[in-house]
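Open your viewer and get ready to click along. We will go from stop to stop, selecting a few residues each time.

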Amino acid sequence: VSIPYGGSYDLSMEVERVTGPDAVEPALREVLLVDEARHNLQLGLLATARSSSEVYPELVGWLVRDGSRVVGGAIRTPPHNLVVVGPIADGAVEALAAAVADELPGAVGGAPEIDRFAAAYAAGHGLDVVTRVDQRIYELRTLVEPPHAPGSFRLARQDDTDLVLERFVAFGEEIHDVDGGHDEAQLRRNVEARLASAVGGVGLWEDEGEVVSLAGFGGPTPNGIRIGGSR
């Protein structure tokens, strides 16, 4: 792999580009499970791509190898952002940045690896680094029973698709969602797959016949599940 920027990394590292969850998941599994909560998005995307191929018809992975061992990488479901994996060896992120030739709308990942990737990729492509969204990952280890609220819970059905889609679109607009290419047609496919999933769904809270709150869940990881929107 060439290094078009001024950085450096262990030249013994090689980067392979592979396609499809069946090729990506087994290769990256050891690295991802070093910190399952940290990699909940990556694991969830791989699980969804495997169970609902219509949602993410294309999934690309980059595998950074140090000898025979995979020590880092990334995945992408075009047209969405690249999702960087936390490395388990020094230099893996720099090797990845040098190898990704795709023109990216953006990149997502944990700190500090995302900062290192962004700096290296931007330098190699003549770009500036701009942080668009600063988020956190919260891991639920102990459930504290919430205070009672008026109303009742139910799972969304397929005939709730338009309602769920409307709320997700409004939420994205409110938080200034900048995930590249996340158009409404893609979001509808995601919502329909989530409502049809055996391991995911959308919970609705109703009060006096009106839906007053909702939350999605899906994209299972080996020991948990993600709570969030449609991805």
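**Before you start**

This is a predicted model, in which local features need pLDDT of at least 70 and side-chain atom pairs count only at pLDDT 80 or more, while totals for chains, interfaces and linings use all residues. Residues are numbered from 1 along each chain as its sequence is written, and side-chain values use heavy atoms, with hydrogens and water left out.

**Stop 1: the largest nonpolar core**

Select M13, W62, V64, L82, L96, V100 and F117, the residues with the most contacts inside the largest nonpolar core, which has 21 residues. A nonpolar core is a set of buried Ala, Val, Leu, Ile, Met, Phe, Trp, Tyr and Cys residues joined through side-chain atoms within 4.5 Å. Buried means under 20% relative accessible area, exposed means over 50%, and partly exposed lies in between (1.4 Å probe, protein chains only).

Now colour the elements that give two or more residues to this core: β1 (13–19), β2 (60–66), β3 (69–76), β4 (82–85), α3 (92–99) and α4 (113–125). Helices (H or I, at least four residues) and strands (E, at least two) are DSSP runs, numbered from the N terminus. Which element gives the most to this core? It is α3, with five residues.

Zoom in on M13. Not counting residues up to four places away in sequence, M13 touches V64, R65, D66, V71, A89, D90, G91, A92 and A95. Contact here means heavy atoms within 4.5 Å.

**Stop 2: helices α1 and α2**

Select residues 21–32 for α1 and 40–51 for α2; the axes of these helices come within 10 Å and cross at roughly 155°. That crossing makes α1 roughly antiparallel to α2. Axes are lines fitted to C-alpha atoms, for helices over the stretch in contact, and angles run from 0 to 180 degrees between N-to-C directions. Angles under 35 degrees count as roughly parallel, over 145 as roughly antiparallel, 65 to 115 as roughly perpendicular and the rest as oblique.

To see where the two helices meet, show P21, D22, V24, E25, P26 and L32 in α1 together with Q42, L43, L46, A49 and R50 in α2. The residues of this contact divide into seven nonpolar, one polar and three charged. In this sorting, Ala, Val, Leu, Ile, Met, Phe, Trp, Tyr, Cys and Pro count as nonpolar, Asp, Glu, Lys and Arg as charged, and the others, Gly among them, as polar.

While you are here, click on A27 in helix α1. Is A27 buried or exposed? A27 counts as buried, at 19% relative accessibility. Leaving out residues up to four places away in sequence, A27 touches L63 and V70.

Next, find T48 in helix α2. T48 counts as buried as well, with 15% relative accessibility. Beyond the residues up to four places away in sequence, T48 touches S53, V55, Y56 and G219.

**Stop 3: helices α5 and α6**

Move on to α5 (residues 161–174) and α6 (residues 184–196), whose axes come within 10 Å and cross at roughly 125°. These two helices are therefore oblique to each other. Show T161, D162, V164, L165, F168 and V169 of α5 with E184, L187, R188, V191, E192 and L195 of α6, and you have the residues that make the contact. By class, the contact of α5 with α6 has seven nonpolar, one polar and four charged residues.

In helix α6, also pick A193, which counts as buried at 11% relative accessibility. How many residues apart along the chain are A193 and S52? They are 141 residues apart along the chain, yet their C-alpha atoms are separated by 6.7 Å. Leaving aside neighbours within four places in sequence, A193 is in contact with S52, E54 and V55.

**Stop 4**

Most residues other than glycine have a negative phi, and most peptide bonds are trans. Select P78 and P79, which are joined by a cis peptide bond with omega of about 10°. P79 lies in the loop between β3 and β4.

Then go to A111 and P112, also joined by a cis peptide bond, with omega of about 10°. P112 is found in the loop between β5 (107–108) and α4.

Finish at E208, which has a positive phi of about 55° although it is not a glycine. Look for E208 in the loop between β7 (201–207) and β8 (210–221). At 79% relative accessibility, E208 counts as exposed.
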